[in-house]
Amino acid sequence: MAEDGKEESVATDDESDHTAADGTGSLNNTMVEEGSTLLRRMEICVAEAEKRSGKNAVNMQETFTVYLIETRPMDAVVEGRNPAPDALWRRYSEFELLRNYLIVTYPYIVVPPLPEKRAEFVWHKLSADNMDPDFVERRRVGLENFLLRVASHPVLSNDQILYHFLTEEHGWKEVVYETGFQAKADSRLRALSATFRVRNPDKRFMEMKHYSDELQSHTSQLLRARARVADRLYGVYKVHGNYGRVFSEWSAIEKEMGDGLQSAGHHMDAYAASIDDILEEEEHYADQMKEYLFYAEALRAVCRKHELTQFELEMASQDLISKKQQREELATGIVRTFSFKGMTNKLFGQEAPEQREARLKLLEELIAEGEETVKEKTLECEEHVEKAWVDMQRFKEQKDKDLREALINYAVMQISMCKKGIQVWGNAKECFLKM
Amino acid sequence: MARQLRLSSPASASSLFNRLQLDDDLEADVRDLYASTETRDLFVTVDDPKKHVSTMETYITYRVSTKTTRIEFDLPEYCVRRRYQDFDWLRIKLEDSQPTHLIPPLPEKFVMKGVVDRFSEEFVETRMKALDKFLKRVADHPVLSFNPHLNAFLSVKDLNKRQGLALLTKVGESVKHVAGGYKLRARPAEFCAMGEYLDTFSQKLGTIDRIAQRILKEQSEYLTELREYGTVYSSWATSEEELQRPLEGVASCVKTCCGALEDQSESMSQDFLPVLREYVLYIESMKNVLRKRDQTQAEYEGRLEAAILRKQEDRTPMPVEVEKCQDKVECFNADLKADWERWQSNKRQDFKQLLTGMADRNINHYEKCQAAWESLITLLQDKQTEDKTSETN
């Protein structure tokens, strides 16, 4: 899980060595280090969830949930002062807006995902209703996790829009739209979903993209299989409840065996009931897996962005080459490639020298522009590769650490379930022995 | 409930007694109502199934071993081979010669060919355990164990020659019953209570059987999903580096849990369900005895009534047959009550054993799973500290 900034005074954050893009002069903390993350300066948590009603964009009544974000300056916490936190309410769609802004603005970053919008991978007893209190609670945890991850990221945590999200309740949306990110978002969406062939993509990125597909596939398989297992296990436990009833009925016709049977029956009821808590706890494991299912998508997007920049570079280079060829043809008169101009020249005679001059001049201008474009695109591509590679490495380490911990926690849960089982059956056995 | 004791040499009654006392007592509170001491001097075991193929048929025989100090037997030890037919013969003989006693049931005689494989290991094993139980119950019974047919069954090499009369006897028996036809006036309350108890008990056992079967079914479906779940971790491991070992570790744990559950299910199927079903048969046997008792009483009441009417007419003394009938009824009632008591106490022991066995199986299953997951955590955490130390170095 994300570094927990709530209890500790200093989040252990060795990634702060990576330089942050911009300064954060608006914060009054004199202890700000270059590149230290927001989480070091500010305690953040999503404390509560509440239902609200209001009119939506088409003037219809709707119910939705809002989440309370509380923040406190870290130095106050460290010094032992306990000021009241600043707080504001946000709904899920605002979190989505924030994330979309971050994705567009930092295309070289594997942006942390939000908890799922709708309940998926549900096994039969679990509610798929968004208003279900368990779902809302898990979502609250997920949103907090999102904020903690973003606020501890060496690059993302310095973003101003993020800061405003956490501190300015009103008018935040307008500020986001004013950045004009929406336009970039639309074009980016189009570009990323288009198919194009890249000639020389960075091999590492292609491997990473392949890996992201694998990760997505495996985590979703895992979640599906786990839900089915949970469903079946629920059935096994619940059927044992029938023993409770029949033992009770049987005990009524027995003399010496009666008490033992009756008590054993109660333990069977307890056994059947125990599965509810066990599976509820397992949902947290499922949530951890889901986070990485969605993370895989974010990783893939970064790889796709690389493909896009590389493609644009290749296009620009190609364009430059062809323009230079045209210039050569004009200058030497030798036609290498077919062109209508060449044909008409042959048929109707060559154009006048003035016209040629004009065209040559235009071409030179275009070539100069083209060279600038190629330079830009090269730089863009290189920068993206460099920055993205750094973040992908960071992501890899985080993923390995988080998932290992998740697996350990899963094992702990299984052990706890076994211990409970042993206890209940041990109790039942005691009763049987007393029969 | 007889236990299997392995005696290397013929034992005297007292040393047998001593050995018995050392066992942890399952029967501490119930004492044999007939015998005045706790000595048991007849031990029987059914084991070692073997298939026999002849031109006419294929069948299974079992080894029946006997160790005894009773003088009714010529030798202290016997070892014979018997097939199901022979056990059936014995049971019929016992029913005929001891009509007032409860004869333990045999496992089902007929199995639908094609549905159940009569020669499969599981079937033979289950049937053998039931036959063993049957014989032990008979050997434990203070009256039945002295029956000469049992003696023959345990000692005679070739039983076939004696079986010739079996069929006729069986027919005769049923004729005897049908010919009864007397109507019962008033069944004593205690026998009514027995009948009601048996009905309810039988019903509850049926329910427990259904629940156990349902659990087995649910477990089987759970196992299918669990196996699939384990393979997901394995296949994920192939695309990871650092996480490969942890993921494979989880896959391996899941596999272990599958194996443990399979064992538990198989054990429930083989050991729990058959015993449960056999008890239902036992209840039916008991009900039969109650019916016979009712018949006997009805016959007596009928004859008595007839005799009283005749006496009023021509002053003849009470005929001997009526007195014999009365004796019969009183004997039957006494035997039945005694048998009922021992049946109840045996039932208590049997179910205590059956249910604690079920609990043990479940505990055993969870213990195996817990051990697997705990060793995984050790593995994963070792790796963690390994990484940490390599980081600081």
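What percentage of the 435 residues of chain A count as buried? The exercises below work through this and related points.

The model is predicted, so local features need pLDDT of at least 70 and side-chain atom pairs count only at pLDDT 80 or more, while totals for chains, interfaces and linings use all residues. Residues are numbered from 1 along each chain as its sequence is written, chains are lettered from A and ligands numbered from 1 in the order in which they are written, and side-chain values use heavy atoms, with hydrogens and water left out.

**Exercise 1. Describe chain A as a whole.**

Step 1. Of the 435 residues of chain A, 49% count as buried. Buried means under 20% relative accessible area, exposed means over 50%, and partly exposed lies in between (1.4 Å probe, protein chains only).

Step 2. Chain A contains eleven helices and three strands. Helices (H or I, at least four residues) and strands (E, at least two) are DSSP runs, numbered from the N terminus. Read from the N terminus, the order of elements in chain A is α-β-β-α-β-α-α-α-α-α-α-α-α-α.

Step 3. Among the contacts in chain A with a separation of 6 or more, 76% are between residues 24 or more positions apart. A contact means heavy atoms within 4.5 Å.

Step 4. Chain A has an accessible surface of about 21900 Å², and 51% of this belongs to carbon and sulfur atoms. Such areas come from the Shrake-Rupley method with a 1.4 Å probe; for residues, only the protein chains shown count as cover.

**Exercise 2. Describe chain B in the same terms.**

Step 1. In chain B, 47% of the 393 residues count as buried.

Step 2. The secondary structure of chain B consists of eight helices and three strands, in the order α-β-β-β-α-α-α-α-α-α-α from the N terminus on.

Step 3. For chain B, residues 24 or more positions apart supply 75% of the contacts with a separation of 6 or more.

Step 4. The accessible surface of chain B is about 20700 Å², with 52% belonging to carbon and sulfur atoms.

**Exercise 3. Examine selected salt bridges within and between the chains.**

Step 1. Side chains of opposite charge can pair when their charged atoms come close. A salt bridge is a side-chain nitrogen of Lys or Arg within 4 Å of a carboxyl oxygen of Asp or Glu. Over all chains, the structure holds 59 salt bridges.

Step 2. One of them pairs A:Arg226 with A:Glu283, whose closest N and O atoms are 2.9 Å apart. A:Arg226 lies in helix α8 (residues 203-251) of chain A and A:Glu283 in helix α9 (residues 258-332) of chain A, so the pair ties together parts that are 57 residues apart in sequence. Both A:Arg226 and A:Glu283 are buried. A network of salt bridges links these two residues with others, including A:Glu116 and A:Lys290.

Step 3. A:Glu256 forms a salt bridge with B:Arg348, with 3.5 Å between the closest N and O atoms. Because A:Glu256 lies in the loop between α8 and α9 of chain A and B:Arg348 in helix α8 (residues 320-392) of chain B, the pair joins two chains. A:Glu256 counts as exposed at 54% relative accessibility, whereas B:Arg348 is buried, with a relative accessible area of 11%.

Step 4. B:Asp132 and B:Lys136 also form a salt bridge, their closest N and O atoms being 2.9 Å apart. Both residues lie in helix α3 of chain B, four residues apart, about one turn of the helix. B:Asp132 is buried at 9% relative accessible area, and B:Lys136 is buried at 6%.
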